[in-house]
Amino acid sequence: MSFPTRFALTKLQPPRLRPGLIERTELEQRLLDATVDARLVLMSAPAGAGKTVVLTRLLSRLGSDAALAWFALDEDDDLGRVAAGLVAALEPFDLPWRTSPDALVLAAQDGQRASRQAFVAALVNALAASGRERGLIVLDDAHRVTDPAVFELIDALLERLPANWSLLMSTRMDPPLALPRLRARGELAEFRQEDLGFSPDEVRSLVQLQRPGCSDDEVQALHARTQGWAAGLGLALGAASPQRASLAGSRLDRHAFDYLASEVLDDMPAELRTFLLRCSVLPELTAERCAAVTGDARAADWLEEIERRGLFVAVLDADERTLVLHDLFRDCLDDRLRRELPEELPRLLVRAAQGERDATRQVGFLARAADWPAAEAALAAASNDLLLQGALHELQRLIELFPAPWRDASARLQRIAAIAHCQHWQWHEMAQCLRDAVRLARVSGPPEELALSLAYLATAERAIGHAAAAQAAIDELAAQPGLDAETRGIALLADCGLHFDRGEIAPVPALFAQVLDAIEPSDDLLLWWKVQPASAWSTIRGMRVQMLRYLSGAARRLGERSMPFRGSVHIQRAWCYLWGGEVDRALDEAATAEADVRWLACSADIEVNVVVFRMLADALRGRAEAVAPAIEALLAREDGTTAERAERWRHQAAIFAVRLTEIMGSDAAALRRFGALQIDRPLERPPVGEDLGDDGKPKGRVSTLHARVAAAEGRWHDAAELYLRLLPYAPHLDLMGQCIEVQLRCGHALARERRLAEAAGAIRPALQRMVSEGEHGHALMCGHQVLSELAQQPWGALLDDDEQQQLRRAAALSRHLRDPAALSAPAAEPAPGALRAAGADDPLSAREREVLERIAAGDSNKVIARSLDLSPHTVKRHVANILDKLALASRGQAAAWYRDHG
């Protein structure tokens with residue numbers, strides 16, 4: 001998996017078939033038939049009913065051709081852990097995922113029903129195309145789960161589960177699923193306490209196996225006392241004396257089990273008994289873990305003895321001996337431990353935490369030990385991985401394990417909670433947590449916690465429009481020396497944002513360079529994710545170089561990790577290459593980003609960024625038939641839940657629609673229509689509200705719409721005058737290439753009026769910037785007609801050779817985009833970014849061909865990964881690409897295609 005596993009791998013390992021179990025032919029056959037005929041097999045019975053043993057027997061009868069995915073549930077499991085567990089349990093079967101399962105798990109935790117539905121849809125499709133004749137998913141101990149979202153997901157999965165797959169749930173109580181609906185459809189098979197109880201004949205077989213020589217009367221008496229209860233039978237047959245055995249089953253309740261289990265404990269050697277008591281704090285027992293917790297070097301021998309004695313344990317099918325205590329037996333041991341060794345319990349829990357790789361369990365151990373400082377440190381250490389994995393609900397639940405007084409007094413916990421709110425876009429909640437964190441850190445420190453909380457507070461205050469409060473936090477940090485990388489990076493990014501919000505865009509590149517200087521020594525991917533710059537900054541003068549520097553660093557930290565951040569990196573690179581005039585590289589990156597959107601279940605923000613880039617690329621190529629419907633879809637797209645956000649979205653979309661319309665060719669009616677959708681109906685206002693202030697910034701609103709409409713209507717005098725009024729503001733419009741565009745459009749309008757000297761003055765700053773910074777792509781926003789006409793003007797001495805060459809290069813690039821086959825640039829001036837011809841003969845890349853050949857040979861994803869030196873998740877992505885490109889549904893179909901086509 002791409003991320004560290006969020007749970008112990010023992011949760012994926014089913015129990016191993018143990019000796020000493022009798023065949024229960026009728027029950028086992030009914031259960032086996034149910035896994036074929038029913039969508040849901042529900043094994044619902046109280047503790048001690050023998051569910052685990054029956055399941056173990058079932059697994060031995062499934063056959064090697066059946067796919068078995070096992071996941072044992074715990075109290076700590078929420079939606080994210082269960083979704084990740086399902087994916088991990090199904091990993092050995094090489095499901096043909098069409099979207100990265102890791103990314104789907106990440107997205108499913110955002111609290112949105114649509115994301116959960118997307119996970120279920122992808123899972124169902126992958127199961128349907130698995131190529132397996134039979135498949136069984138087992139969720140053991142479902143009664144432990146308390147997260148309602150888990151059962152919503154299971155309900156949705158059951159509704160669409162393919163016919164060749166079934167789900168089996170083992171539980172002490174009926175889960176909150178749509179059982180009546182499944183029952184009415186005949187899709188539910190139920191096995192309850194009366195179904196699991198041993199019959200007289202089965203009791204006889206069990207007694208003869210374990211206590212040969214018992215009479216029929218004794219067998220009948222044992223069945224009558226236990227009523228076939230598996231736990232009672234186990235206690236009776238394991239009792240050391242007939243007197244104790246006679247008590248078994250006299251009361252079939254928890255108190256009887258506690259009493260008899262205590263009797264079993266009393267019959268043990270003292271050292272074994274003490275070892276068991278101390279190990280009862282562990283969820284699974286291995287020699288290494290038990291030795292670490294108990295300090296007993298004979299742990300391996302004791303585990304062998306426990307298994308030999310047939311105590312109330314399940315043996316997992318693992319590489320090393322791994323035992324799991326029966327819940328009832330564990331409860332009994334826990335009760336004894338608290339009564340007999342109360343002073344040892346906290347120490348045992350701390351030792352258990354020290355050897356635990358599952359962060360959730362680790363914090364849970366320390367919380368049970370009431371070691372709150374250690375629990376907080378463990379949570380802080382795990383928080384970055386949990387945030388990267390989108391485990392926000394899990395993180396918040398772990399914070400809630402702490403007593404309210406401790407939470408309310410901890411600046412660090414308040415800051416961690418704030419970052420979780422940030423991931424949910426809950427800016428007001430984030431800001432309040434950080435205000436509390438700052439207040440607490442001022443009182444109790446440490447200084448680095450205060451600084452970090454202030455940095456995040458600046459981010460939160462800016463997000464909710466409290467610019468003065470954000471600036472105050474930044475100013476306080478500026479006076480503090482020796483800030484760490486995270487604090488300095490987050491604070492500087494907030495400062496970049498504040499400058500941008502105020503229209504002070506010139507300092508942004510230098511400030512962001514300081515962000516990069518601060519974080520470059522760090523390999524913390526989450527930190528690189530947190531300081532991601534806005535795409536809108538990419539055309540600020542001097543920013544493209546810094547953006548590419550950031551994207552290169554982020555890509556190195558990403559490595560092979562399969563997460564939506566990868567899509568963001570690729571689309572931001574596409575924009576940077578476009579503004580640099582490297583159109584072929586830009587289109588390659590955009591194509592990769594589009595594949596990322598599909599494969600990585602990217603957020604709506606990333607998806608929209610990719611859609612907008614594709615619309616612009618189509619507009620630059622003159623593909624009006626593709627751009628027009630895309631504009632309408634963009635305008636109709638919902639963004640946010642409030643009317644204010646929806647209005648802001650339409651405003652931004654309308655601005656972009658105006659610019660696309662002009663690129664493809666002037667259409668005054670369309671410009672007026674899209675202009676009317678902008679906030680405050682800017683067509684009814686002058687293009688510039690007031691002049692520049694003393695600080696050189698516009699004092700009022702600035703709109704290019706009037707000038708654009710005048711040009712579209714052929715009113716060149718009006719257009720020239722309006723653009724001349726806009727020229728002083730152009731540096732403050734340096735977003736999405738608008739500064740250079742305004743300067744060139746102004747020159748074009750003046751040239752139409754035969755005012756070439758003024759036109760040269762208008763466009764010279766743009767051409768000089770294109771010479772010094774190589775940002776030829778900005779000019780493309782003018783469209784082919786404007787660039788072609790500018791390049792053909794008789795500039796003479798009004799522009800020098802380098803400046804005129806920039807115009808010709810921009811016009812050649814625009815012409816090449818419109819028709820790369822029909823036109824070519826002069827040999828002395830090759831068109832930068834000339835589009836490469838696509839290899840249409842073979843839709844697959846060379847690497848995809850290699851993977852397909854391996855699939856046809858029957859290799860698993862793991863084998864392919866090893867043989868081609870790829871990561872498993874990269875192989876999964878290649879498989880998805882192969883199926884998409886060849887319009888196939890499964891690996892089997894891909895293998896057949898290869899055999900037919902070679």
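Figure 1. The protein carries 105 positive and 128 negative side chains. Lys and Arg count as positive, Asp and Glu as negative; His and the chain ends are not counted. The centres of the two sets lie 1 Å apart. Each charge is placed at NZ of Lys, CZ of Arg, CG of Asp or CD of Glu. This is a predicted model: local features need pLDDT of at least 70, side-chain atom pairs count only at pLDDT 80 or more, and totals for chains, interfaces and linings use all residues. Residues are numbered from 1 along each chain as its sequence is written, and side-chain values use heavy atoms, with hydrogens and water left out.

**Figure 2. The overall build of the protein.** The protein has 46 helices and seven strands. These are DSSP runs, numbered from the N terminus: helices are H or I, at least four residues, and strands are E, at least two. The C-alpha trace spans about 120 × 75 × 45 Å along its principal axes. Of the 902 residues, 56% are buried. Buried means under 20% relative accessible area (1.4 Å probe, protein chains only).

**Figure 3. Helix H2 and its cover.** Helix H2 runs over residues 51-61. Its buried residues are Lys-51, Val-54, Leu-55, Thr-56, Arg-57, Leu-58 and Leu-59. What covers them includes helices H1 (25-37) and H8 (193-196). Strands S1 (40-44), S2 (67-72), S3 (135-140) and S4 (165-171) are also part of the cover. After H2 comes Gly-63, with a positive phi near 95 degrees.

**Figure 4. Leu-660 in helix H35.** Leu-660 belongs to H35, which covers residues 643-664. Leu-660 counts as buried because its relative accessibility is 0%. Leaving out residues up to four places away in sequence, Leu-660 touches Met-615, Leu-616, Ala-619, Val-627 and Ile-631. Contact means heavy atoms within 4.5 Å. Gly-622 is 38 residues from Leu-660 in sequence, and their C-alpha atoms are 10.0 Å apart.

**Figure 5. Helices H40 and H42 packed together.** Two packed helices are described by the angle between their axes and the distance between the axes. H40 (residues 756-773) packs on H42 (residues 801-818) at about 80 degrees, with the axes 9 Å apart. H40 is therefore roughly perpendicular to H42, a term for angles of 65 to 115 degrees. From H40, the contact uses Ile-763, Arg-764, Leu-767, Gln-768, Met-770 and Val-771. From H42, Asp-802, Glu-803, Gln-806, Leu-807 and Ala-810 take part. Axes are lines fitted to C-alpha atoms, for helices over the stretch in contact, and angles run from 0 to 180 degrees between N-to-C directions.

Note on methods. Buried < 20%, exposed > 50% of the residue type's maximum accessible area, 1.4 Å probe, protein only. Parallel < 35°, antiparallel > 145°, perpendicular 65-115°, else oblique.
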